[in-house]
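These are my notebook entries on a single protein chain. I set down what I looked up, entry by entry.

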Amino acid sequence: MVRTPAGMRRAAVAAVAALSLTGLAACSGGDSDSAVPGSGGGKGDDLAASAPVAASLPAGSTMEKIKQRGELVVGGSLDAPLLSQQNPATKKVEGLDADFGRLLAKYIIGKPNVKIVNSASETREALLANGTVDVVFQTYSITPERAKQVAFAGPYYSSGLVIATKKDETGIKAPADLKGKTVIAGANTPAIPAIKKAAPGAKIVTFGSDPECVQALKQGRGDAYVQDEAVLLATAKQDPSIQIQGKPFTSDPYGIGLKHGDAQMKQFVNDWLKQIQQSGLWAKVWKNSIGTVVQGEAPQPPAIGSAPGSE
C-alpha cells in the first residue's frame with residue numbers, strides 16, 4: 001500500500017474535522033450554486049418538508065440519545081461531487097449522501113440537524129466503534145468482511161466500479177487491460193480486491209480520498225483509477241482530461257454504517273429507509289443529486305437486506 005503525506009494527514013485529522021449543518025431547506029433551496037453537480041433540485045424542492053418523523057423512540061435507545069443531543073453525527077465527506085460535497089459558494093454540503101443524512105436526522109430528531117465528521121475510508125470503522133459518529137453515509141460498500149466490524153442498514157443505493165483514465169489513454173478499455181499497469185485505488189475500498197481479481201498482474205497504489213486519487217492519475221502516478229461510478233460521473237463531467245472507460249464491472253451496494261451489534265438501531269434505520277422508498281422521497285433525493293447529471297427517471301432502489309453483510 002502506498003500512502004501520500006497528504007493522505008496520512010487526512011486520516012489524522014479526520015476525527016476532528018467537523019462541520020455543523022442546521023437545515024435541509026437551506027441546503028437544497030434556490031440559492032444553490034449550479035456550478036456544483038448535485039447542488040440541488042431548484043427552488044421549492046424542500047425535501048425535509050415532506051420527510052417523515054418517527055412516532056416514538058424506544059427508551060434508552062441510541063435513537064433517543066441522538067434526539068436528546070439534538071443532532072445526528074454523520075461520518076461523511078465534504079469533497080465527493082453528487083454525494084457529499086461542500087458548495088464553495090454557500091459552504092453548504094450537498095448531494096445524495098448528505099441529503100439522506102439530513103432526512104434520517106429529521107426522522108429521529110424532528111429537524112434535519114446534522115454534524116458531518118469528515119472521515120476517510122481507513123477511519124470509518126473506528127469512528128463507529130468508538131462512538132465518534134452515529135452513522136456513516138459515505139459510498140460505504142457493504143461487504144461481509146466489513147460487516148464483521150460494523151452493522152449495515154440498507155443497501156440504500158447500488159453503484160459499481162468503473163475504470164477512469166486520462167483522456168489520451170487508448171490502451172485501457174476493460175479490466176483485463178489493467179494487467180501489468182499501475183492502478184490507483186482508494187485505501188481500504190472494495191476496488192482493491194476487485195482489481196486483484198480482474199487483473200492479477202496490476203500494481204495497485206492507494207490514496208486516502210477521491211480527490212487525491214484523481215490528482216495522482218492526472219500527475220501520471222498511475223495508468224488508471226478504479227472507483228465507484230457514482231463518484232467518477234461527476235469527476236469526468238467536471239474535468240475533460242478524465243475519461244471513464246466502459247461500464248461498471250462490479251455491483252457495489254452502499255450501506256448505512258452503524259455501530260456493530262446495535263440491532264435496534266439497524267431495524268429503525270431500515271424502517272425509515274423503507275418509508276422514504278415507498279413515499280417517493282428516495283427518488284426525489286436521487287433526482288436532486290445524481291439525477292442532475294444522469295438522464296432518465298430514478299432507478300429502483302435496491303432491496304433492503306439484499307446485500308451479503310446487510311442481512
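I began with pLDDT, which is the predictor's confidence in each residue, from 0 to 100. The protein chain has a mean pLDDT of 85, and 86% of its residues reach 70 or more. Over residues 1–44 the pLDDT is below 50, although this stretch has 109 contacts (heavy atoms within 4.5 Å) in the model beyond near neighbours in sequence.

I noted the ground rules next. Residues are numbered from 1 along each chain as its sequence is written. This is a predicted model, in which local features need pLDDT of at least 70 and side-chain atom pairs count only at pLDDT 80 or more, while totals for chains, interfaces and linings use all residues; side-chain values use heavy atoms, with hydrogens and water left out.

**Entry: the whole chain.** I found ten helices and 14 strands in the protein chain; these are DSSP runs numbered from the N terminus, helices being H or I of at least four residues and strands E of at least two. Of the 311 residues, 53% are buried, meaning under 20% relative accessible area with a 1.4 Å probe, protein chains only (exposed is over 50%, partly exposed in between). Among contacts between residues at least 6 apart in sequence, 72% join residues at least 24 apart.

**Entry: strand β2.** I asked which way the residues of β2 point. Leu 72, Val 74 and Gly 76 point one way, Val 73 and Gly 75 point the other way, and all are buried. The strand covers residues 72–76. I then looked up its pairing, which requires at least two DSSP bridges between two strands. β2 pairs in the parallel sense with β6 (residues 114–118) over five bridges, and also in the parallel sense with β7 (residues 135–136) over two bridges. Val 74 has Ile 116 as its bridge partner in β6 and stands opposite Val 135 in β7.

**Entry: Arg 124.** I located Arg 124 in helix α5 (residues 124–129). Leaving aside neighbours within four places in sequence, the contacts of Arg 124 include Val 136, Tyr 140, Arg 146 and Asn 188.

**Entry: helix α7.** In α7 (residues 210–218), I recorded several buried residues, among them Asp 210, Glu 212 and Cys 213. Just after α7, Gly 220 takes a positive phi of about 80°.
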